[in-house]
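Here are some exercises to work through with the model open in your viewer. Try each task before you read its solution.

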Amino acid sequence: MAALGDLMDAQGSPHVDCRQDGARLGTASRAGNLFNTTIQGVEPAACDIGDPDSVREAIDGTEIVVHCAGLFAHSAPRDRLFAINAGGARTVGGIAAECGVQRVVLVSSVGGYGAVGTGIAEDGPKVPATPYDQSKWAGEQAMTEVCGERGVPLAVLRPTLIYGPGSLY
């Protein structure tokens, strides 16, 4: 396993040559949000989780799907949050299964636990408080259901906050 420092180029950006092992690494984002990447071997593709055909095109031929798309906007209308965060997860999970992927990784949210403080157990009760948190928890449930029914291994990550270039924070 390479250390993080071994993956940085001269400008300090991540640098991974996926072609050395014959692997294909891609990223999908809405057409207007494709990021400028310096990672060698990454194939960017336009995709909208509200458009099953574009999801299928992005996923077809991949072995592992990491689903981290979603709407992070506490001020967004509840129905829009659920359409994107829960409906999108169901769409991505179903299409991933149809395309025969070997594993799905879902980036969910620690918000599914609600405002419980410290000492949270992974299998602890889920009491999401805000519409955003509720939509992420609903997405996790939808992805778990779809992958479980179709025998696709699923790993769920529940980070507290993800930030970096272009983020709100």
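**Exercise 1: the faces of H1**

Helix H1 covers residues 52-59, and its buried residues are Ser54, Val55, Ala58 and Ile59. Buried means under 20% relative accessible area and exposed over 50%, with partly exposed in between (1.4 Å probe, protein chains only). Helices (H or I, at least four residues) and strands (E, at least two) are DSSP runs, numbered from the N terminus.

Task: work out why the buried residues of H1 line one face of the helix.

Solution. Step one: look down the axis of H1; the buried residues fall within an arc of 130°, so they line one face. The arc is taken over the directions from the helix axis to the C-beta atoms. Step two: check the other side of H1, where Asp53 and Glu57 are exposed.

A word on ground rules: this is a predicted model, local features need pLDDT of at least 70, side-chain atom pairs count only at pLDDT 80 or more, and totals for chains, interfaces and linings use all residues. Residues are numbered from 1 along each chain as its sequence is written, and side-chain values use heavy atoms, leaving out hydrogens and water.

**Exercise 2: the span of H2**

Solution. Step three: follow H2 past its end to Gly100, whose phi is positive, near 75°.
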